[in-house]
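Okay, thanks for coming, everyone.

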Amino acid sequence: MADKDSEGRTRFTYHKVLRDPNGPILRQNEGPVGLRAPNGFIWAHDLDEFFYIARIPGVDNYVTTWSRSMLKALGENYEDVEAELMWEDPLHPPRVRRPWPVLTLPLDHPAQPDPPISAIDEACEWEHSDFMCYTIRADGSGYLDEDKQAYVDPRKVPRRCPADASKPCTGRLAFNNGADPILDTSGVPYHFVWCPHFKAKLSETTSVNPYTLIARAVVEMESERMIVDTKGVHLLAQRRHPQIMSDAPSEKTTPPPDSSKEALNRHEDAADNDVPNNQLSAHGEDETLDAPESGKNIPVDVRASTPQDDASTPQCESSTEVSNGPQSPASPQTRSQKNRKKYRAKQKDATRVNKFSVKGLPKLEEFIPDALLPDVLLVHDPDRTTGHEQATDQPVTYRRVIHRLSGGVAATEVTTDAPRVAHLHLRANNRLGEGHHSYVYRAPLTLPEPLSAHSRTGQVTVAAKLAFGWCTAHDLLHNEARTYAQVPRHAQEEYCGFNIVPPCRFPVPIGPIVPKCYGFYLPVGEDGKIMWNKSVSAKHRGCDEDAPCEVDWLSPILLMEECGQPVQPEKFTIDQRTECFSLVLRLHALGITQRSFWVRNIMIQPGPLWVPPARRTFDCPSFRIIDFGRARCLKLRLADKGLLHGEGVKADVCAKVVSDFKFTMQTEERKAREQLLIEECEF
C-alpha cells in the first residue's frame, strides 16, 4: 500500500533538499526549466523526484517545489542529492502515453505517423529506450498474446529516424523500401538500414568498437532474430529463444560458411510455417539512405533479456512467437492493391451486419492522422436526428470545416485526387445524453479508406454532438467547435509522470483536459456548397437562450471522443478531487474558460487507457472536461476586438479584456472547488 500523508493523500512531495549556503536566490519563474511536458508546468517522472527547496539559502521556511531535472540544471549539490535520494534511473523526458490501439493502417502508408498506428504502448520501462521497437497489434493474423489480450504482429517495428539530421534521433533504423533499396553483398534488400546519425556514430567512434555499439542496439531493440551488419538489418524467423546474428568482425570469431542470402533461406526453411502471414508490412515510405561499406558476416551471439513483470502495474511483454521470416519488399503498387482488397473484403463483410449497431464496437480513443481525417461525412440518419427532409435511405452529405480565428468557417482543402469519405450512422436509440442545447449520440463511424479498425466491421464509435432546432443552440455548437480549434493537441493527450500545477501544491497525473476532437461538419446543399451563412447566423446573435428562435437548419455535427459518465466527487479520494481540479487550472493556463462548470460536465472512465478495456478499473480513472458551448478563449476575444496583432490597439481596451478574463477564471476556480468538494486548504 502506498504511503499516505495526514490528509490521506498518496501523491505528495516526500523530500526536502539542503541548499548550498553560497547558492543563488531562486526567484519565481526565473529558475532553470528542466524537463517539462508541452504544458510548461514543473514535471517529474516519479513522485520521489519532487522535493522542497529553499528559495533563499539558510531561510528554510521559505520553500518551493522543484523537480530532479531542475536541480540538475541548477548544478547545486546534484550528485549528493542523487545519492541521498537514491535516484538510480537516468533522467527520462516526458512522453505521450498512447491509448490502447483500435485503428489500423498499413505500415507502408505515407500518412503513417511515428509511433505507427496500432503500436501498443509498452510502458516507460521500454518506451524510453532509444533503441526500442514497437509491438504492433494485428487483426487475427499474428499470434494471440494473452497478456495484451489481442493478436500482435510477431515482428517488431523500429522507431523512425527524423528526416532532418539536425533533430534529435529517436531511433536507429530507417525503412528500406525506396525505388533503389540498399542491398547486401548477396543482393538481398535489407528490411531496415541504419539511420545517418547512427552511421556517423559508428564511423566516428574511437574508444568503443563500432560493432559493440551495433550489438548493444540489437539487444535493446528486442527483435529476436536478425542478421545485422554496418549497412542494415535483415529480420529472420523468430524463435522462442532469441538469438540475434550480426556481421560484426571480430578477431575471436571466424566467418560463417554461407552468405547472408543462404542464411536467410536457411532460417526461413526452418521457420514454423503454420503462422499465417500478417498483412502489416515492415517497410515504410522513408527515403532510402546511403550505406557505408560492409564487412564480412561474422556471427555474434547476443541473447536479449526479458524483464520481470511488476504485478501491480499492467505490463506489455515483447513478442516471442514464430514469424514467416523476411521477405523481399513488395512494390508499393502491389502492397496498395493488397491493402485495397483487404479493405473491400472487410467492407463487404460489414454489409451483412447492422451498421447502426454499437454492440461490440470499440471506442475511438486515438487521434486520426491529419492526412486521413474525413473531408466528407456521409450521415446515415433514418430517424432524421439532423433535421433533414430527404429520403431516409439516402445519406446526408456533410463537409468538414475549420473555424477561422478571425471568424467564419472554411471547408477543408482536399489535397488528394478524391476527398476522404467517412460514414456516420445515427440512430435515436443510441443517444448518450441530452444537454440544454444539444443531443449526444454514440455513433458507429466507418473510416476513410485505407484506415480501418480492429473490429469485425472495421468501425469504431464516436460521440456525435448535434444542436437542437434553435438559433442559440446552433450558435453554441459553433462556439464549441471554434474553441476546440484553439485547444492544442497536448491538452488532449496523456503524458507519463506528474505535474505541479499552481496554486495546487500537490503532484497530479498529466491526463487529457478535454476529449479528442475528430472534426466539425456542416451540411452540404444540392449545389455542393456548405449550408451555412455567416450573415444569417449573425442576425440571431442577440437572441436570448431563454427565448430562442426556432430554425429549420440542419444541425452541425461535432465528432468527439466518448469519455465516460459524470463524476461523483463525494465518492472520490482526495487525490482524485485534486486531479480533477488541476484540469481546470491547466485549462485556464491555455487561456480558456469553460463557463459552465458543473459536475455533469466532468467525465470519468476507468483506466489506464493504454491497457485493453477489459483490464481498466476505476482505481486508475481518466477524467475530461466537456461542453464548451459557452466557453471563452482569450485569443478569440482579442481577435474579435481586433486586438490580437496590435492593429489599432488601445492599451486600456486590451487591459480591460485581459482583466475581465482573469476575473472569469477566478470565479470559475471558486465554482470548481465548490463542485468538486475541495476546501480552500486542500489543493
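So, pLDDT first: that's the predictor's confidence in each residue, from 0 to 100. And a contact, for today, means heavy atoms within 4.5 Å. What you're looking at is a predicted model, where local features need pLDDT of at least 70, side-chain atom pairs count only at pLDDT 80 or more, and totals for chains, interfaces and linings use all residues. Residues are numbered from 1 along each chain as its sequence is written, and side-chain values use heavy atoms, with hydrogens and water left out.

The protein chain averages a pLDDT of 80, with 74% of the residues scoring at least 70. Residues 238-261 stay under 50, and the model gives them 82 contacts beyond four places in sequence. Then there's 266-333, also below 50, with 197 contacts beyond near neighbours in sequence.

On to the rings. Rings of Phe, Tyr and Trp (its six-membered ring) pair if their centres lie within 6.5 Å; planes under 30 degrees apart are stacked, over 60 edge-to-face, and the rest tilted. That rule gives eight aromatic pairs. Take tyrosine 78 and tryptophan 87: a tilted pair, 6.2 Å centre to centre, with 35° between the planes. Buried or exposed, tyrosine 78? Buried is under 20% relative accessible area, exposed over 50%, partly exposed in between, using a 1.4 Å probe and protein chains only. Tyrosine 78 comes out at 5%, so buried, and tryptophan 87 is buried too, at 6%.

Phenylalanine 468 and tryptophan 470 are edge-to-face, at 5.1 Å between centres and 80° between planes. Here phenylalanine 468 is buried at 10%, while tryptophan 470 is partly exposed at 30%.

Now charges over rings, meaning NZ of Lys or CZ of Arg within 6 Å of the ring centre and within 35 degrees of the ring normal. Arginine 489 has its charged end over the ring of phenylalanine 367, 3.9 Å from the centre. Lysine 671 does this over tryptophan 598, at 3.4 Å.

Last bit: strands, which are DSSP runs of E, at least two residues, numbered from the N terminus. Strand 30, residues 602-607, has five of its six residues buried, so the rest of the structure largely encloses it. Strands pair if DSSP finds at least two bridges between them. Strand 30 runs antiparallel to strand 28 (residues 565-566), with two bridges; glutamine 565 stands opposite isoleucine 604 there. Strand 30 is also antiparallel to strand 31 (residues 617-625), through five bridges, and glutamine 605 partners serine 622 in strand 31.

Technical notes: Helices (H or I, at least four residues) and strands (E, at least two) are DSSP runs, numbered from the N terminus.
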